Amino acid sequence: MQFEFTRGLTVLMAVAGITACSSAYIPTAGQSHADSAAIRRDIEYLASDRLEGRLAGTPGNDSAAAYLARRYKDLRLSAFTAGYLQPFDARSAEDAHMGRTDPRHTENVVAVLRGQDPVLRDEYVVIGAHFDHLGRSSTFAQDPEAKDAIRNGADDNASGTAAVLELARLLAAKPPRRSVIFVNFSGEELGLLGSQWFVGHSPVPFERVKAMINFDMVGRLRNDKLIVYGTSTATELKALVDSVNAASNPAPLKVTGVGDGYGPSDQTSFYAKDIPVLHFFTDLHEDYHRATDDADKINAAGEARVVDLALGVVRAIADRQTQLSFVKMAAPVQSTSREGSQTYLGSVPDMAASDVAGMRLMGVRPDSPADKGGLKAGDVIVEFGGAPVKDLYSYTDALYTHKPGDTVKVVVLRGTERLELTVTLGKRGG
Ligand SMILES: [Zn+2]
(Lines give C-alpha, C1' and ligand atoms only; values in the text may rest on other atoms or scores of the structure.)
Protein backbone atom coordinates (compact mmCIF):
# COMPACT_ATOMS: atom_id res chain seq x y z
CA MET A 1 0.00 0.00 0.00
CA GLN A 2 1.42 3.37 -0.82
CA PHE A 3 -0.76 6.35 -0.19
CA GLU A 4 2.03 8.85 -0.84
CA PHE A 5 2.15 8.41 -4.60
CA THR A 6 -1.38 8.08 -5.82
CA ARG A 7 -2.97 10.63 -3.57
CA GLY A 8 0.04 12.44 -2.15
CA LEU A 9 -1.49 11.50 1.16
CA THR A 10 1.07 11.67 3.93
CA VAL A 11 -1.32 12.36 6.73
CA LEU A 12 -2.28 8.87 7.69
CA MET A 13 -1.66 7.31 10.95
CA ALA A 14 -1.59 6.11 14.41
CA VAL A 15 -4.58 5.07 16.38
CA ALA A 16 -3.50 4.18 19.85
CA GLY A 17 -5.14 1.23 21.48
CA ILE A 18 -6.40 -0.79 18.54
CA THR A 19 -5.85 -4.50 19.00
CA ALA A 20 -6.59 -7.40 16.76
CA CYS A 21 -9.84 -9.13 17.53
CA SER A 22 -9.24 -12.85 17.63
CA SER A 23 -12.74 -14.24 17.85
CA ALA A 24 -12.96 -17.99 17.55
CA TYR A 25 -13.49 -19.17 14.01
CA ILE A 26 -14.46 -22.74 13.38
CA PRO A 27 -14.91 -23.54 9.69
CA THR A 28 -17.73 -25.82 8.70
CA ALA A 29 -16.53 -29.37 8.17
CA GLY A 30 -16.61 -30.80 4.66
CA GLN A 31 -16.04 -27.48 2.89
CA SER A 32 -12.72 -26.23 1.59
CA HIS A 33 -11.66 -23.34 3.77
CA ALA A 34 -8.59 -21.19 4.04
CA ASP A 35 -5.92 -22.57 6.36
CA SER A 36 -4.90 -19.92 8.88
CA ALA A 37 -1.77 -21.90 9.84
CA ALA A 38 -0.54 -21.86 6.22
CA ILE A 39 -1.28 -18.13 6.00
CA ARG A 40 0.72 -17.52 9.18
CA ARG A 41 3.68 -19.59 7.92
CA ASP A 42 3.92 -17.64 4.68
CA ILE A 43 3.68 -14.30 6.46
CA GLU A 44 6.25 -15.28 9.09
CA TYR A 45 8.75 -16.20 6.39
CA LEU A 46 8.14 -13.19 4.13
CA ALA A 47 8.16 -10.75 7.05
CA SER A 48 11.20 -12.24 8.77
CA ASP A 49 14.29 -10.08 9.26
CA ARG A 50 16.31 -12.33 6.91
CA LEU A 51 14.42 -10.87 3.93
CA GLU A 52 15.22 -7.36 5.22
CA GLY A 53 11.89 -5.82 4.26
CA ARG A 54 11.81 -6.96 0.60
CA LEU A 55 12.64 -3.62 -1.04
CA ALA A 56 12.57 -3.97 -4.85
CA GLY A 57 16.08 -4.57 -6.20
CA THR A 58 17.53 -6.03 -2.98
CA PRO A 59 18.55 -9.65 -2.26
CA GLY A 60 15.69 -10.01 0.26
CA ASN A 61 13.19 -9.10 -2.46
CA ASP A 62 14.77 -11.66 -4.84
CA SER A 63 14.61 -14.31 -2.11
CA ALA A 64 10.92 -13.59 -1.62
CA ALA A 65 10.34 -13.95 -5.38
CA ALA A 66 12.20 -17.28 -5.41
CA TYR A 67 10.09 -18.49 -2.47
CA LEU A 68 6.86 -17.59 -4.27
CA ALA A 69 8.01 -19.38 -7.43
CA ARG A 70 8.73 -22.50 -5.35
CA ARG A 71 5.29 -22.31 -3.73
CA TYR A 72 3.58 -22.15 -7.15
CA LYS A 73 5.70 -25.05 -8.40
CA ASP A 74 4.70 -27.12 -5.36
CA LEU A 75 1.06 -26.33 -6.13
CA ARG A 76 1.69 -27.61 -9.70
CA LEU A 77 0.55 -24.36 -11.26
CA SER A 78 1.79 -23.58 -14.76
CA ALA A 79 4.36 -20.97 -15.64
CA PHE A 80 4.31 -18.87 -18.77
CA THR A 81 7.07 -19.61 -21.29
CA ALA A 82 10.16 -18.40 -19.40
CA GLY A 83 9.25 -19.58 -15.90
CA TYR A 84 7.40 -17.96 -13.03
CA LEU A 85 9.52 -14.80 -12.85
CA GLN A 86 8.72 -11.71 -14.90
CA PRO A 87 11.83 -9.51 -14.60
CA PHE A 88 11.71 -5.76 -15.11
CA ASP A 89 13.69 -2.63 -14.30
CA ALA A 90 11.99 -0.48 -11.70
CA ARG A 91 12.49 3.23 -12.37
CA SER A 92 10.70 5.30 -9.77
CA ALA A 93 9.97 8.99 -9.66
CA GLU A 94 11.28 9.05 -6.11
CA ASP A 95 14.62 7.50 -7.14
CA ALA A 96 14.92 10.09 -9.90
CA HIS A 97 14.12 12.83 -7.43
CA MET A 98 16.84 11.52 -5.09
CA GLY A 99 19.35 11.61 -7.95
CA ARG A 100 19.49 7.84 -8.52
CA THR A 101 19.76 7.10 -12.25
CA ASP A 102 20.30 3.32 -12.38
CA PRO A 103 17.12 1.23 -12.22
CA ARG A 104 16.39 -1.43 -9.62
CA HIS A 105 16.39 -4.92 -11.19
CA THR A 106 13.46 -6.85 -9.80
CA GLU A 107 10.70 -9.24 -10.85
CA ASN A 108 7.00 -10.04 -10.60
CA VAL A 109 6.05 -13.66 -9.93
CA VAL A 110 3.32 -15.06 -12.20
CA ALA A 111 1.52 -18.44 -12.32
CA VAL A 112 -1.55 -19.65 -14.17
CA LEU A 113 -4.36 -22.11 -13.47
CA ARG A 114 -6.13 -23.37 -16.59
CA GLY A 115 -9.91 -23.02 -16.48
CA GLN A 116 -12.27 -25.99 -16.88
CA ASP A 117 -14.60 -24.59 -19.53
CA PRO A 118 -13.41 -25.24 -23.12
CA VAL A 119 -14.53 -21.76 -24.23
CA LEU A 120 -14.31 -19.59 -21.10
CA ARG A 121 -10.80 -20.83 -20.27
CA ASP A 122 -9.47 -18.33 -22.82
CA GLU A 123 -10.65 -15.57 -20.47
CA TYR A 124 -8.66 -14.73 -17.33
CA VAL A 125 -9.28 -13.48 -13.81
CA VAL A 126 -6.14 -11.96 -12.25
CA ILE A 127 -5.57 -12.41 -8.52
CA GLY A 128 -2.76 -10.17 -7.30
CA ALA A 129 -0.85 -8.73 -4.37
CA HIS A 130 2.43 -6.89 -4.12
CA PHE A 131 5.19 -8.65 -2.20
CA ASP A 132 7.73 -5.81 -2.00
CA HIS A 133 7.96 -3.44 0.94
CA LEU A 134 10.21 -0.64 2.20
CA GLY A 135 13.32 -2.59 3.18
CA ARG A 136 15.49 -0.42 5.41
CA SER A 137 14.51 2.77 3.61
CA SER A 138 12.98 5.59 5.60
CA THR A 139 11.93 7.37 2.39
CA PHE A 140 8.31 6.24 2.44
CA ALA A 141 8.23 5.25 6.08
CA GLN A 142 6.02 6.92 8.65
CA ASP A 143 8.83 6.48 11.19
CA PRO A 144 11.88 8.22 9.68
CA GLU A 145 13.21 8.44 13.24
CA ALA A 146 13.72 4.65 13.09
CA LYS A 147 16.36 5.35 10.40
CA ASP A 148 17.54 2.13 8.69
CA ALA A 149 15.56 -0.29 10.86
CA ILE A 150 14.03 -3.15 8.84
CA ARG A 151 10.43 -2.47 7.87
CA ASN A 152 9.15 -6.04 7.58
CA GLY A 153 5.75 -5.18 6.13
CA ALA A 154 3.89 -8.13 7.63
CA ASP A 155 0.51 -6.60 6.90
CA ASP A 156 1.85 -4.50 3.97
CA ASN A 157 1.98 -6.78 2.16
CA ALA A 158 3.10 -10.22 3.29
CA SER A 159 -0.56 -10.63 4.29
CA GLY A 160 -1.88 -10.08 0.76
CA THR A 161 0.87 -12.28 -0.68
CA ALA A 162 -0.15 -15.11 1.65
CA ALA A 163 -3.79 -14.60 0.70
CA VAL A 164 -2.93 -15.08 -2.99
CA LEU A 165 -0.97 -18.27 -2.21
CA GLU A 166 -3.87 -19.66 -0.20
CA LEU A 167 -6.34 -18.81 -2.97
CA ALA A 168 -4.01 -20.55 -5.41
CA ARG A 169 -4.11 -23.70 -3.28
CA LEU A 170 -7.90 -23.64 -2.89
CA LEU A 171 -8.62 -22.88 -6.55
CA ALA A 172 -6.11 -25.44 -7.84
CA ALA A 173 -8.03 -28.11 -5.92
CA LYS A 174 -11.13 -27.28 -8.00
CA PRO A 175 -10.40 -24.97 -10.95
CA PRO A 176 -13.18 -22.60 -12.03
CA ARG A 177 -14.48 -22.28 -15.59
CA ARG A 178 -12.29 -19.31 -16.52
CA SER A 179 -8.50 -19.41 -16.16
CA VAL A 180 -6.87 -17.64 -13.23
CA ILE A 181 -3.55 -15.77 -13.23
CA PHE A 182 -1.84 -15.38 -9.86
CA VAL A 183 0.61 -12.51 -9.77
CA ASN A 184 2.80 -11.09 -7.03
CA PHE A 185 3.95 -7.60 -7.94
CA SER A 186 7.27 -6.01 -7.05
CA GLY A 187 7.88 -2.25 -7.00
CA GLU A 188 4.45 -1.34 -5.63
CA GLU A 189 5.85 0.81 -2.86
CA LEU A 190 7.92 2.69 -5.47
CA GLY A 191 4.78 3.67 -7.41
CA LEU A 192 2.77 0.62 -8.61
CA LEU A 193 5.68 -0.26 -10.91
CA GLY A 194 5.21 -4.05 -11.04
CA SER A 195 1.51 -3.88 -11.85
CA GLN A 196 2.17 -1.22 -14.49
CA TRP A 197 4.79 -3.49 -16.02
CA PHE A 198 2.39 -6.43 -15.92
CA VAL A 199 -0.46 -4.64 -17.71
CA GLY A 200 2.00 -3.41 -20.35
CA HIS A 201 3.62 -6.85 -20.78
CA SER A 202 0.78 -9.25 -20.10
CA PRO A 203 1.62 -12.93 -20.75
CA VAL A 204 -1.85 -13.31 -22.32
CA PRO A 205 -3.56 -10.92 -24.76
CA PHE A 206 -4.64 -8.23 -22.31
CA GLU A 207 -8.19 -7.99 -23.67
CA ARG A 208 -8.76 -11.50 -22.33
CA VAL A 209 -8.25 -10.29 -18.76
CA LYS A 210 -11.80 -9.82 -17.46
CA ALA A 211 -11.35 -8.89 -13.78
CA MET A 212 -8.61 -8.18 -11.25
CA ILE A 213 -8.84 -8.89 -7.52
CA ASN A 214 -6.17 -7.24 -5.37
CA PHE A 215 -5.12 -7.98 -1.79
CA ASP A 216 -3.19 -5.27 0.04
CA MET A 217 -3.18 -5.22 3.84
CA VAL A 218 -5.62 -8.00 4.78
CA GLY A 219 -3.94 -9.24 7.96
CA ARG A 220 -5.49 -7.02 10.62
CA LEU A 221 -9.19 -7.88 10.68
CA ARG A 222 -10.71 -6.09 13.68
CA ASN A 223 -14.33 -6.36 14.78
CA ASP A 224 -15.09 -8.29 11.56
CA LYS A 225 -14.76 -5.07 9.51
CA LEU A 226 -13.56 -5.46 5.92
CA ILE A 227 -13.32 -2.77 3.24
CA VAL A 228 -13.76 -3.82 -0.40
CA TYR A 229 -12.80 -1.11 -2.87
CA GLY A 230 -13.98 -1.18 -6.47
CA THR A 231 -17.53 -2.43 -5.96
CA SER A 232 -18.82 0.11 -8.50
CA THR A 233 -16.29 -0.76 -11.21
CA ALA A 234 -18.79 -3.24 -12.72
CA THR A 235 -22.56 -3.06 -12.37
CA GLU A 236 -22.79 -6.58 -10.91
CA LEU A 237 -20.04 -6.39 -8.29
CA LYS A 238 -21.78 -4.87 -5.29
CA ALA A 239 -24.62 -7.39 -5.30
CA LEU A 240 -22.19 -10.20 -6.05
CA VAL A 241 -19.94 -9.39 -3.06
CA ASP A 242 -22.94 -8.87 -0.77
CA SER A 243 -24.59 -12.15 -1.72
CA VAL A 244 -21.39 -14.20 -1.31
CA ASN A 245 -20.79 -12.54 2.05
CA ALA A 246 -24.36 -13.11 3.24
CA ALA A 247 -23.94 -16.83 2.55
CA SER A 248 -20.58 -17.02 4.39
CA ASN A 249 -20.02 -19.77 6.92
CA PRO A 250 -20.16 -19.48 9.84
CA ALA A 251 -20.93 -15.74 9.80
CA PRO A 252 -20.71 -12.86 7.32
CA LEU A 253 -18.11 -10.12 7.71
CA LYS A 254 -19.12 -6.48 8.11
CA VAL A 255 -18.25 -5.41 4.59
CA THR A 256 -18.06 -1.79 3.48
CA GLY A 257 -18.09 -1.60 -0.32
CA VAL A 258 -16.40 1.49 -1.75
CA GLY A 259 -16.97 2.27 -5.41
CA ASP A 260 -13.78 3.75 -6.72
CA GLY A 261 -11.41 1.73 -8.91
CA TYR A 262 -8.57 4.19 -8.32
CA GLY A 263 -6.83 3.56 -5.03
CA PRO A 264 -3.42 3.46 -3.45
CA SER A 265 -2.56 -0.02 -4.72
CA ASP A 266 -2.10 -2.22 -7.78
CA GLN A 267 -5.75 -2.52 -8.83
CA THR A 268 -5.40 1.04 -10.14
CA SER A 269 -3.09 -0.17 -12.96
CA PHE A 270 -5.85 -2.53 -14.17
CA TYR A 271 -8.78 -0.19 -13.66
CA ALA A 272 -6.99 2.43 -15.74
CA LYS A 273 -7.03 -0.19 -18.57
CA ASP A 274 -10.83 -0.63 -18.26
CA ILE A 275 -10.80 -3.84 -16.19
CA PRO A 276 -13.30 -4.28 -13.32
CA VAL A 277 -11.36 -4.48 -10.04
CA LEU A 278 -11.76 -5.22 -6.35
CA HIS A 279 -9.32 -4.51 -3.54
CA PHE A 280 -9.72 -6.30 -0.20
CA PHE A 281 -8.41 -4.27 2.77
CA THR A 282 -8.69 -4.64 6.55
CA ASP A 283 -8.04 -0.90 7.04
CA LEU A 284 -5.19 1.22 8.33
CA HIS A 285 -3.52 0.87 11.70
CA GLU A 286 -0.84 2.47 13.82
CA ASP A 287 1.96 0.26 12.38
CA TYR A 288 1.37 1.24 8.73
CA HIS A 289 4.77 1.86 7.04
CA ARG A 290 6.61 1.51 10.33
CA ALA A 291 9.23 -0.91 11.63
CA THR A 292 6.54 -2.26 13.96
CA ASP A 293 4.45 -3.87 11.15
CA ASP A 294 5.52 -7.36 12.26
CA ALA A 295 4.12 -10.87 11.92
CA ASP A 296 3.18 -11.22 15.60
CA LYS A 297 0.44 -8.61 15.08
CA ILE A 298 -1.24 -10.51 12.24
CA ASN A 299 -4.72 -11.92 12.81
CA ALA A 300 -4.31 -15.09 10.74
CA ALA A 301 -7.73 -16.49 11.67
CA GLY A 302 -9.28 -13.22 10.55
CA GLU A 303 -7.33 -13.30 7.30
CA ALA A 304 -8.58 -16.84 6.67
CA ARG A 305 -12.14 -15.47 6.81
CA VAL A 306 -11.21 -12.74 4.32
CA VAL A 307 -9.73 -15.40 2.01
CA ASP A 308 -12.87 -17.52 2.32
CA LEU A 309 -15.02 -14.58 1.26
CA ALA A 310 -12.60 -13.75 -1.57
CA LEU A 311 -12.68 -17.39 -2.73
CA GLY A 312 -16.44 -17.21 -3.09
CA VAL A 313 -16.19 -13.90 -4.94
CA VAL A 314 -13.50 -15.20 -7.30
CA ARG A 315 -15.52 -18.33 -8.06
CA ALA A 316 -18.65 -16.28 -8.72
CA ILE A 317 -16.73 -14.08 -11.18
CA ALA A 318 -14.73 -16.88 -12.81
CA ASP A 319 -17.71 -19.23 -13.18
CA ARG A 320 -20.42 -16.82 -14.39
CA GLN A 321 -21.60 -17.29 -17.94
CA THR A 322 -21.33 -13.63 -18.95
CA GLN A 323 -18.59 -11.07 -18.45
CA LEU A 324 -18.88 -8.32 -15.86
CA SER A 325 -20.18 -4.96 -17.15
CA PHE A 326 -17.35 -2.48 -16.72
CA VAL A 327 -18.17 1.00 -15.39
CA LYS A 328 -15.76 3.79 -16.28
CA MET A 329 -15.09 6.64 -13.88
CA ALA A 330 -12.83 9.66 -14.26
CA ALA A 331 -9.39 9.50 -12.67
CA PRO A 332 -8.99 11.68 -9.59
CA VAL A 333 -6.87 14.79 -9.92
CA GLN A 334 -3.33 14.09 -8.73
CA SER A 335 -1.62 16.29 -6.21
CA THR A 336 1.79 17.22 -7.61
CA SER A 337 3.17 19.83 -5.21
CA ARG A 338 6.19 18.40 -3.42
CA GLU A 339 6.20 21.23 -0.95
CA GLY A 340 2.52 20.71 -0.23
CA SER A 341 2.97 16.97 0.12
CA GLN A 342 5.25 17.57 3.11
CA THR A 343 2.41 19.21 5.02
CA TYR A 344 1.35 17.18 8.03
CA LEU A 345 -1.75 17.22 10.20
CA GLY A 346 -1.55 13.87 12.00
CA SER A 347 -5.15 12.79 11.46
CA VAL A 348 -6.03 9.18 10.70
CA PRO A 349 -8.87 8.95 8.19
CA ASP A 350 -11.46 6.23 8.64
CA MET A 351 -11.29 4.55 5.23
CA ALA A 352 -14.55 2.71 5.89
CA ALA A 353 -16.49 5.96 6.26
CA SER A 354 -17.06 6.61 2.56
CA ASP A 355 -20.78 7.10 3.16
CA VAL A 356 -20.10 10.17 5.31
CA ALA A 357 -20.21 13.68 3.81
CA GLY A 358 -16.83 14.94 5.00
CA MET A 359 -13.81 13.05 6.28
CA ARG A 360 -14.31 11.05 9.46
CA LEU A 361 -11.26 10.48 11.65
CA MET A 362 -10.41 7.09 13.05
CA GLY A 363 -7.97 8.84 15.37
CA VAL A 364 -5.32 11.49 15.71
CA ARG A 365 -1.66 10.94 16.25
CA PRO A 366 -0.44 11.89 19.77
CA ASP A 367 1.27 15.31 19.88
CA SER A 368 0.50 15.90 16.19
CA PRO A 369 -0.85 19.24 14.94
CA ALA A 370 -4.32 17.64 14.86
CA ASP A 371 -4.00 16.55 18.49
CA LYS A 372 -2.71 19.93 19.63
CA GLY A 373 -5.51 21.65 17.74
CA GLY A 374 -8.16 19.62 19.56
CA LEU A 375 -9.29 17.18 16.85
CA LYS A 376 -10.55 13.87 18.16
CA ALA A 377 -11.41 10.36 16.94
CA GLY A 378 -14.90 10.34 15.45
CA ASP A 379 -14.75 13.99 14.30
CA VAL A 380 -15.91 14.60 10.73
CA ILE A 381 -13.90 17.32 8.98
CA VAL A 382 -16.26 19.29 6.73
CA GLU A 383 -14.15 22.38 6.04
CA PHE A 384 -10.39 22.93 5.91
CA GLY A 385 -8.82 26.37 5.53
CA GLY A 386 -12.08 27.70 4.09
CA ALA A 387 -12.42 24.91 1.50
CA PRO A 388 -15.34 22.48 1.77
CA VAL A 389 -14.33 18.86 2.52
CA LYS A 390 -16.61 16.25 0.99
CA ASP A 391 -14.32 13.24 1.22
CA LEU A 392 -10.71 12.11 1.64
CA TYR A 393 -9.77 13.46 -1.79
CA SER A 394 -11.10 16.97 -1.35
CA TYR A 395 -9.49 16.98 2.11
CA THR A 396 -6.09 16.02 0.66
CA ASP A 397 -6.38 18.68 -2.02
CA ALA A 398 -7.25 21.28 0.62
CA LEU A 399 -4.37 20.21 2.87
CA TYR A 400 -1.82 20.48 0.09
CA THR A 401 -2.69 24.04 -0.78
CA HIS A 402 -1.03 24.87 2.59
CA LYS A 403 2.56 24.81 3.77
CA PRO A 404 4.08 23.54 7.00
CA GLY A 405 3.73 26.29 9.60
CA ASP A 406 0.44 27.65 8.20
CA THR A 407 -2.34 28.21 10.70
CA VAL A 408 -5.72 27.12 9.33
CA LYS A 409 -9.31 26.94 10.50
CA VAL A 410 -10.77 23.43 10.55
CA VAL A 411 -14.52 22.90 10.91
CA VAL A 412 -15.60 19.53 12.31
CA LEU A 413 -18.85 17.85 13.23
CA ARG A 414 -18.65 16.14 16.62
CA GLY A 415 -21.91 14.41 17.38
CA THR A 416 -24.53 17.12 16.94
CA GLU A 417 -22.01 19.94 17.45
CA ARG A 418 -20.28 21.96 14.77
CA LEU A 419 -16.88 23.15 16.04
CA GLU A 420 -14.36 25.58 14.62
CA LEU A 421 -10.82 24.58 15.55
CA THR A 422 -7.48 26.16 14.73
CA VAL A 423 -4.46 24.04 13.84
CA THR A 424 -0.87 24.91 13.03
CA LEU A 425 0.28 22.53 10.32
CA GLY A 426 3.49 20.58 10.76
CA LYS A 427 6.06 19.09 8.41
CA ARG A 428 6.12 15.41 7.57
CA GLY A 429 8.86 13.66 9.52
CA GLY A 430 9.67 16.95 11.21
ZN1 LIG B 1 2.76 0.13 1.61
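I looked at α7 (residues 237-246) against α9 (residues 300-319): they pack at about 130 degrees with axes 9 Å apart. Axes here are lines fitted to C-alpha atoms, over the stretch in contact for helices, and angles between N-to-C directions run from 0 to 180 degrees. That makes α7 oblique to α9 (under 35 degrees is roughly parallel, over 145 roughly antiparallel, 65 to 115 roughly perpendicular, the rest oblique). Helices (H or I, at least four residues) and strands (E, at least two) are DSSP runs numbered from the N terminus.

I noted who touches whom: L240, V241, V244 and N245 of α7 meet L309, G312, V313 and A316 of α9. Contact means C-beta atoms, placed from the backbone, within 7 Å.

This is a predicted model; local features need pLDDT of at least 70 and side-chain atom pairs 80 or more, while totals for chains, interfaces and linings use all residues. Residues are numbered from 1 along each chain as its sequence is written.

Next I checked α6 (residues 193-200), and six of its eight residues are buried. A residue is buried if 20 or more other C-beta atoms, placed from the backbone, lie within 10 Å of its own, exposed at 12 or fewer, partly exposed in between. I listed the buried ones as L193, G194, S195, Q196, W197 and F198. They pack against β1 (85-90), β2 (104-113), β3 (124-130), β4 (179-185) and α8 (267-271).

Key. Contact = placed C-beta atoms within 7 Å.
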